[in-house]
Amino acid sequence: MTELEGLLDAKTATERVKGAGINATATPLYVRHKPGETTIIAYRFDLADGDSTHGYAHWCHDPSRADQILAKAKTLRPRPSLISNGLDRIDDHTVLYSFPNDARLRRLRWYCDTRKMRRSLASLVDPDDLISRTDTTTGVLRYKPERRVVNHVSLRTNAGAHRELLIRYTTKPHASELSHVARHLRANGISTPKPLAALEDGRVSVDEFIEGQQLQETIATGEANPEAIADSVARFHSVGLPARVTARTRSKELGRATGGLSGLAAWRPELAQAASSTAELLRRAQPTACVRPSLLHGDLHSKNVLQTNQGLSFVDLERVSAGDPAIDLGYFLAHGVAQPIRYPQLSPAAATFAYLVVDHYRQRSNAMSEAVLAWHTAVGLIDQALLVARHLDANWQTTTPRLLDMASATLSQNRITTRTLQP
């Protein structure tokens, strides 16, 4: 086992962390690899008292690069965490950051620490009131090191005011664009969280937090209605395009998918043949037909649709764009097909449900070509295969090639069949 591979194994990673004086169990959750340069590995750290926290290792191919990263990180005044002083060198190649320290999300604690929120979120409460440090709570919903964190904050003030917030802090200053898209959707009858503020020069967006069940949960219980979902997606696609929306073309989809496959092959040579052959099929089958662009969700799957008391609501608008509706439908179908493979105990009905949604949508609109839908479904399956590997799913070494095989079969047949996409 190489030094880098050891950081991807829970047992070995825990041994290295404890060897550096950190008394916690490390579970790898996510990996981002730049061949020959650096690798980011995100962890959940579990403590003996039952508490847990986040952190990540920044592994460098060249130890001198790790020296530079450590020296720079020290100048940023690392903050103590639940497991250490916040910054540790666990071997010659690796610097370990523990939450809330992050090399690029430098003000992370201002949106994760209730003491700091009294200042960072002060604009959201009455000027004569103060945010309560003791009654306000916060929890991390999603964390991608050096990219973004999403928090649920239950904000309470000394005067008794209460607001449920969703805070997204990223390295990209696009909070204003997200707010613009959300307001546009809401003005056109599409339910999505209400935008409340854009902070940190646009790197922090604050939205209302919507209570509801993810579509994934209602599919599992048999409460979800595929026709209602298809109708809601069709209404989303029918909304006129807002200003400054990004175009999402097939050439961009091809470049993103083949780039991901190339990175997978470099990281895992044993998957190079499967990645290469899938990429070649994707290039050869790329459709040429064009359609009038529609407004796309861009990341349409069963975790980004909520069933609320007021109906269906679309969340996570970071990838809203303009393009062929087959992009959304193909990704939704690929996600549904992949769910029983990735989480068989949670989503046994996800694939069938996704087929029903797509079928009902296509009955509403006969303009969607079977070949175009098949191509975008294959792109979605490739994306799922890459996510399985990056998130280090259980049995990812077999699940990733299985999903790539399904993408290849879909491209070879140039159409969607239950046989080629059988979970």
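Reader: Which residues lie nearest the centre of the second largest pocket, and how many residues line that pocket?

Author: Bear in mind that this is a predicted model. A pocket can be read through the residues around it, and here the second largest pocket is lined by 19 residues, with Phe99, Pro100, Cys112, Asp113 and Thr138 lying nearest its centre. The elements that each give two or more residues to this lining are β3 (52-60), α4 (114-120) and β6 (137-144). The volume of the second largest pocket is about 480 Å³, and its lining divides by class into 6 nonpolar, 7 polar and 6 charged residues.

Reader: How many bridges join β4 and β5, and in which sense do the two strands pair?

Author: In a regular strand the side chains alternate between the two faces of the sheet. In this structure, strand β4 (residues 87-91) and strand β5 (residues 94-98) pair in the antiparallel sense over 4 bridges. The two strands form a hairpin, with 2 residues between them, and Asp91 has Thr94 in β5 as its bridge partner. Strand β4 is also mostly covered, since 4 of its 5 residues are buried.

Reader: Is Ser302 buried or exposed?

Author: To decide, one compares the relative accessible area with a cut-off, and buried means under 20%. Ser302 has a relative accessible area of 6%, and therefore it counts as buried, although Ser302 lies in a loop, the one between β13 (294-296) and β14 (305-308).

Reader: Which residues is Ser302 in contact with, leaving aside its neighbours within four places in sequence?

Author: With those neighbours set aside, Ser302 is in contact with Gln214, Leu215, Gln216 and Ile219, and also with Phe332 and His335.

Key
Residues numbered from 1 in each chain as written. Predicted model: local features only at pLDDT ≥ 70, side-chain atom pairs only at ≥ 80, totals over all residues. Heavy atoms only, no water. Buried < 20%, exposed > 50% of the residue type's maximum accessible area, 1.4 Å probe, protein only. Pairing = 2+ DSSP bridges. Contact = heavy atoms within 4.5 Å. 1 Å grid on protein atoms, 1.4 Å probe; cavity = no way out; pocket = protein on both sides within 12 Å on 5 of 7 lines; lining within 4 Å. Points joined across faces, edges and corners; volume = space filled by probe spheres on them. Nonpolar A, V, L, I, M, F, W, Y, C, P; charged D, E, K, R; others polar.
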